[in-house]
Amino acid sequence: MKILENISLKPYNTFGLDVKAKYFVEVNNLTDLKEIVKANDSQKLFILGGGSNMLLTTDINKIVVKLNLKGIEVVENDEDYVLVEAQAGENWHEFVLWALAQDFGGIENLSLIPGNVGTTPIQNIGAYGVEVKDTLHSCKALNVKTLAVEEFSNKDCEFAYRESIFKNSLKDQYIITSVTFKLTKHNHNLKVEYGAIQKELDLENITVPTIQDISKAVIRIRQSKLPDPKEIGNSGSFFKNPIVSTETFNHLHSIYPTMPHYILNDAEVKIPAGWLIEKVGFKGYRIGDAGVHNLQALVLVNYGKATGEQIKKLSQTVQNEVKKVFNISISAEVNIF
């Protein structure tokens, strides 16, 4: 384990932002992770996963710890379900593909989401009607004070829409080291009613879809409207979809009858932030190398030389305009540093 100095983080964040880490170390096992945590105050550490859900606006004057814990293991198996433990450093999409190859179901709708396994519970990632909380059985995390590895059940994680206990009351107190998922072996619970999944299946003349079919449909949809971070810097969805009261929605819907929405319950309705952003004229907007993607307004992009601060400023401009027109606040899904 070697600590390097003044390392560019451009290869380690999907926005492709050229900020520097004062110190940088790659950790490949739990022993080394404990050693680096023990030797340093947790406030001096910056834990880095896949670098996909972050906007870096300045150099990191800390020790950036790149978490490379690897491994996928079936830890429990019965007739209907399987428990699979994936280490935090595993690439999320590659883990999804691994599960599909075993015909394990439950996470196929989450195909092609960038990032690593270890950060999925923090954000409670979700797409096309499925969230990580739906299959997460438990996760293990290193207590930065005691250096003990503790286990958190699904309930312990206090999941909400793009939220968890690790983003709130336990923020910076734990480092997730592995996540265990409860996946189906047969009688998979297929979710095809969200987005354009059913339309994609119809185009392929698939009437009895498999979990592999759904994954391929999701991949096609995402590739058709979301930029590849390897080609254009981005972190996927930049904003959360706002949840408003039924009363607020009914008022807006009377003005905008075509407004897409998802009824959550009797009191709340979710509105796509991308639609709101597009409606106020920011789809395809660009100032310098910071822009709003021309196919999906939910995505902010770095066309090459934008700084994190410029992208942050653009996000605030978008937020202000949506608030001005709709009186709805949209908040960032990505973590801004």
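Glutamate 278 is partly exposed, because its relative accessible area is 41%; here buried means under 20%, exposed over 50%, and partly exposed in between, computed with a 1.4 Å probe on protein chains only. Its side chain forms a salt bridge with lysine 283, with 3.6 Å between the closest N and O atoms. A salt bridge is a side-chain nitrogen of Lys or Arg within 4 Å of a carboxyl oxygen of Asp or Glu. Lysine 283 is likewise partly exposed, at 32% relative accessible area. By this rule the count comes to nine salt bridges.

The structure is a predicted model, in which local features need pLDDT of at least 70 and side-chain atom pairs count only at pLDDT 80 or more, while totals for chains, interfaces and linings use all residues. Residues are numbered from 1 along each chain as its sequence is written, and side-chain values use heavy atoms, with hydrogens and water left out.

Several of the charged residues are joined together: Glu131, Lys133, Asp134, Arg162 and Glu333 are linked in a network of salt bridges. Glutamate 131 is buried at 14% relative accessibility, whereas lysine 133 is partly exposed at 30%. Glutamate 131 also forms a salt bridge with arginine 162, where the closest N and O atoms are 3.4 Å apart. Because arginine 162 lies in the loop between β11 and β12 (174-184) and glutamate 131 in strand β9 (residues 130-131), the pair ties together parts that are 31 residues apart in sequence. Helices (H or I, at least four residues) and strands (E, at least two) are DSSP runs, numbered from the N terminus. Arginine 162 is buried, with a relative accessibility of 8%.

Which residues does UniProt list for "active site"? The unreviewed entry gives Arg162, Ser237 and Glu333. They span 172 residues in sequence, yet no two of their C-alpha atoms are more than 11.5 Å apart, so they gather at one spot. UniProt positions are given in the numbering used here, feature names are shortened, and annotations may be inferred rather than shown by experiment.

Serine 237 belongs to strand β13 (residues 233-237) and is partly exposed, with a relative accessible area of 27%. Leaving aside neighbours within four places in sequence, serine 237 is in contact, meaning heavy atoms within 4.5 Å, with Leu298, Val299, Glu333 and Val334. Glutamate 333 sits in the loop between α8 (308-326) and β20 (335-336) and is buried, at 12% relative accessible area. Not counting residues up to four places away in sequence, glutamate 333 touches several residues, among them Asn53, Gln123, Arg162 and Ser237.

Glutamate 90 lies in the loop between β7 (81-87) and α2 (92-101). A polar atom of its side chain is 2.7 Å from the backbone nitrogen of glycine 71. Beyond its neighbours within four places in sequence, glutamate 90 is in contact with residues including Leu69, Ile72, Asn116 and Val117.

The backbone also deserves attention. Most residues other than glycine have a negative phi. Leucine 147, which is not a glycine, has a positive phi of about 65 degrees and is placed in the loop between β10 (136-143) and β11 (149-153). Asparagine 205 has a positive phi near 55 degrees. Asparagine 205 is found in the loop between α4 (197-203) and α5 (211-225) and is exposed, at 67% relative accessible area.

On the scale of the whole chain, the protein is divided into domain 1 (3-67), domain 2 (72-190) and domain 3 (233-336), with bounds that come from an automatic or database domain assignment. The C-alpha centres of domain 2 and domain 3 lie 27 Å apart, and five residues of domain 2 are in contact with six residues of domain 3. UniProt, again in an unreviewed entry, places the feature "domain: FAD-binding PCMH-type" at residues 17-186. Over residues 17-186 the chain is 14% helix and 37% strand, with the end C-alpha atoms 43 Å apart.

How values were computed: A polar contact is a pair of N or O atoms within 3.5 Å; within protein, one must be able to donate a hydrogen and the other to accept it, and residues adjacent in sequence count only if both atoms are side-chain atoms.
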